[in-house]
Amino acid sequence: MVKIKVGKKSNSIIKLNIEGHAGFADKGKDIVCASISSIAIGLLNSIDILDNQSCKIICSDNRINVEVIDHNDDIIQIILQVGIIQLQTVEEVYPNYLKIEFTEV
């Protein structure tokens with residue numbers, strides 16, 4: 001299962017952690033993992049191209065961590081919100097393979 005943790009402070013997203021494997025199908029045939037990966041990479045590319053000074057990003061095998069440095073940055077908030085909405089759509093269709101948890105920090 002892929003686990004996503006979203007840390008919020010008031011209405012601002014300040015952390016996003018994605019880790020794990022969906023386990024929907026064999027490697028190379030897992031449409032859930034491919035969907036999540038595509039959304040996550042698109043989100044990271046958007047941050048890098050549009051506003052790469054407002055976040056600290058760490059990517060490793062099976063894990064992506066995004067720490068928002070400037071949580072008042074509207075561009076970053078919109079990028080993260082759009083990405084989370086897309087991930088929630090995958091979660092609605094495949095709830096046994098993706099879990100998103102929101103916490104107030």
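Predicted model: local features only at pLDDT ≥ 70, side-chain atom pairs only at ≥ 80, totals over all residues.
**Notebook: rings, loops and overall form**

My numbering starts from 1 along each chain as its sequence is written, and side-chain values use heavy atoms, without hydrogens and water.

**Entry: elements**

I counted two helices and five strands in the protein. From the N terminus I read the order as β-β-α-β-β-α-β. Both kinds are DSSP runs numbered from the N terminus: helices are H or I of at least four residues, strands E of at least two.

**Entry: overall form**

I checked the radius of gyration and got 13 Å, which agrees with the value near 13 Å for a compact globule of 105 residues. That radius is taken over C-alpha atoms, and the globule rule is 2.2 Å times the number of residues to the power 0.38. The C-alpha trace spans about 40 × 25 × 20 Å along its principal axes.

Of the 105 residues, 35% are buried. For the accessible surface I noted about 6400 Å², with 51% of it belonging to carbon and sulfur atoms; the areas come from the Shrake-Rupley method with a 1.4 Å probe, and for residues only the protein chains shown count as cover.

I then took the contacts (heavy atoms within 4.5 Å). Among those between residues at least 6 apart in sequence, 54% join residues at least 24 apart.

**Entry: aromatic pairs**

How many aromatic pairs does the structure hold? I found two. Rings of Phe, Tyr and Trp (its six-membered ring) pair if their centres lie within 6.5 Å; planes under 30 degrees apart are stacked, over 60 edge-to-face, and the rest tilted.

Phe24 and Tyr94 make an edge-to-face pair, 5.3 Å centre to centre with 75° between the planes. Phe24 is in the loop between β2 (12-19) and α1 (31-51) and Tyr94 in the loop between α2 (74-93) and β5 (98-104), so this pair ties together parts 70 residues apart in sequence. Phe24 is partly exposed at 33% relative accessible area, and Tyr94 is partly exposed at 23%.

Phe24 also pairs edge-to-face with Tyr97, at 5.2 Å between centres and 85° between the planes. Tyr97 lies in the loop between α2 and β5, and Phe24 in the loop between β2 and α1, so the parts tied together here are 73 residues apart in sequence.

**Entry: positive phi**

Most residues other than glycine have a negative phi. Which phi does Ser10 have? I read a positive value near 60°. Ser10 sits in the loop between β1 (2-9) and β2 and is exposed, at 56% relative accessibility.

Asn62, not a glycine, has a positive phi of about 70°. I placed Asn62 in the loop between β3 (55-60) and β4 (63-68). Asn62 is partly exposed, with a relative accessible area of 33%.

Conventions:
Buried < 20%, exposed > 50% of the residue type's maximum accessible area, 1.4 Å probe, protein only.
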